[in-house]
Amino acid sequence: MRLLVLGGTKFLGRAAVEAALARGHELTLFNRGETNPELFPEAEKLRGDRTAGLAELRSREWDAVIDPSGYVPAVVRDSAESLAGAIGHYLFISSISVYASLAASNDESSPLAELGEMPDDRLLEDYSNYGALKVLCEEAVAEAFGEGHATVRPGLIVGAHDPTGRFTYWPHRVARGGEVLAPAPPERKVQFIDVRDLGSWLVDLSERRAAGAFNATHPGRTWDEVLETCREVAGSDAVFTWVPDGLLAERDVGEWMELPLWIHDPEEAGMHETDVSRAVAAGLTFRPLADTVRDTLALAQPTAEAGLSPEREAELLAAAHS
């Protein structure tokens with residue numbers, strides 16, 4: 001297969017390129033050459049900025065394109081329309097944030113978010129228009145490609161080369177050992193997907209020219225399973241102190257980023273209850289959690305933006321014990 005990837009050297013695109021090359025596909029990467037430009041010497045590399053158009057791709061044809069880097073509707077529309085005559089299949093990477101409500105489980109037929117008065121030409125600092133922008137991007141691809149496209153809506157993507165630090169916080173924090181603050185109850189489930197599972201499946205969908213929308217995340221693992229796996233893989237002496245939502249909320253702990261994966265707001269609880277049965281039926285599979293933790297420890301680093309600082313964690317643990 002001749003496969004074009006818009007991006008392809010940072011995180012999800014990188015995983016998809018690795019999977020495609022391992023299967024012997026012919027890869028062309030179109031990006032600005034600013035992120036890991038040394039990767040994939042065996043692939044063709046075309047340099048350009050998609051926000052300025054795809055002139056560098058004119059007079060070329062590919063069997064399929066994977067687009068993991070589209071956020072602004074006008075840019076995605078321009079890309080889709082420019083490639084409509086040169087590509088057999090367009091795979092657009094969206095997000096589970098496209099749903100109008102995240103208060104409960106969503107499947108692919110659930111109502112989608114609307115932009116309202118928010119801008120459509122940029123992502124707001126608080127990400128409040130992120131989901132609605134992705135909806136408009138999906139529509140742009142659908143209008144240009146009709147049945148010749150698929151939309152994948154991932155949940156939180158984790159693992160090798162994760163730049164966000166969100167899931168990454170947990171394996172690294174547990175590896176440091178000692179008393180670890182954990183959000184109770186331990187049997188509550190969280191959802192995320194290993195980037196390599198998702199990247200490989202994107203290539204599957206492109207090979208089959210699959211059509212339609214697919215939610216893409218793991219069906220769910222308990223907090224206890226996640227943290228115990230982190231401890232086992234790291235071989236650490238971590239001891240978990242399970243702290244209830246009420247105390248965390250009283251202390252103004254930030255959901256999702258300050259305490260990664262933790263969601264207390266009932267209006268957001270559906271982030272960890274997404275229906276992924278359609279993707280599983282379409283071949284999405286999941287590696288053991290221990291493999292994801294190992295990749296995260298070896299190939300992803302914590303960030304300043306995600307996770308409790310040692311001082312903040314100590315403060316919260318003291319409050320919990322009192």
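1. Two strands pair if DSSP finds at least two bridges between them. Helices (H or I, at least four residues) and strands (E, at least two) are DSSP runs, numbered from the N terminus. On these terms β2 and β3 are paired in the parallel sense, over 4 bridges, and Leu29 stands opposite Lys45 in β3.

2. This is a predicted model, in which local features need pLDDT of at least 70 and side-chain atom pairs count only at pLDDT 80 or more, while totals for chains, interfaces and linings use all residues. Residues are numbered from 1 along each chain as its sequence is written, and side-chain values use heavy atoms, with hydrogens and water left out.

3. An open sheet is formed by 7 strands in the order β3-β2-β1-β4-β5-β6-β11, with parallel pairing. Its edge strands, β3 (44–47) and β11 (212–216), each pair on one side only. On average, neighbouring strands of this sheet are turned by 20° against each other, direction ignored.

4. Strand β1 (residues 2–6) has 4 of its 5 residues buried, where buried means under 20% relative accessible area, exposed over 50%, and partly exposed in between (1.4 Å probe, protein chains only). Parallel to β1 runs strand β2 (residues 26–31), joined to it by 5 bridges. With strand β4 (residues 64–67), β1 pairs in the parallel sense over 3 bridges. Leu3 stands opposite Leu27 in β2 and opposite Ala64 in β4.

5. A right-handed β-α-β unit is made by β1, helix α1 (residues 12–22) and β2. A crossover is right-handed if, with the strands pointing away from the viewer, the path from the first strand over the helix to the second runs clockwise. Helix α1 lies across β1, β2, β4 and β5 (90–93), at about 160° to β2. Helix α2 (residues 73–83) also packs on the sheet, touching β1, β4 and β5, and its direction makes about 170° with that of β5. Axes are lines fitted to C-alpha atoms, for helices over the stretch in contact, and angles run from 0 to 180 degrees between N-to-C directions; contact means heavy atoms within 4.5 Å.

6. Strand β8 (residues 179–183) is largely enclosed by the rest of the structure, because 4 of its 5 residues are buried. It is joined by 5 bridges to strand β13 (residues 239–243), and the two run parallel. The bridge partner of Leu181 in β13 is Thr241.

7. Which residues touch the most other members of the largest nonpolar core? Of its 38 residues, they are Phe167, Trp170, Leu181, Phe192, Leu227, Leu259 and Leu261. At least two residues of this core come from each of α4, β8, α6, β13, α7 (245–250), α9 and α10 (310–321); α6 gives the most, with 4 residues. A nonpolar core is a set of buried Ala, Val, Leu, Ile, Met, Phe, Trp, Tyr and Cys residues joined through side-chain atoms within 4.5 Å.

8. Not counting residues up to four places away in sequence, the contacts of Leu181 include Trp170, Thr241, Val243, Leu248 and Leu259. A second, separate core has 35 residues, among them Leu12, Ala43, Val203 and Ala282.

9. In helix α9 (residues 289–299), the buried residues include Leu289, Ala290, Thr292 and Val293. The elements that the buried residues of α9 pack against include α4 (169–176), α5 (195–208) and α6 (223–234).

10. Counting as a disulfide any pair of cysteine sulfur atoms within 2.5 Å, the model has 0 disulfides. Cys137 counts as buried because its relative accessibility is 0%, and Cys230 is buried at a relative accessible area of 1%.
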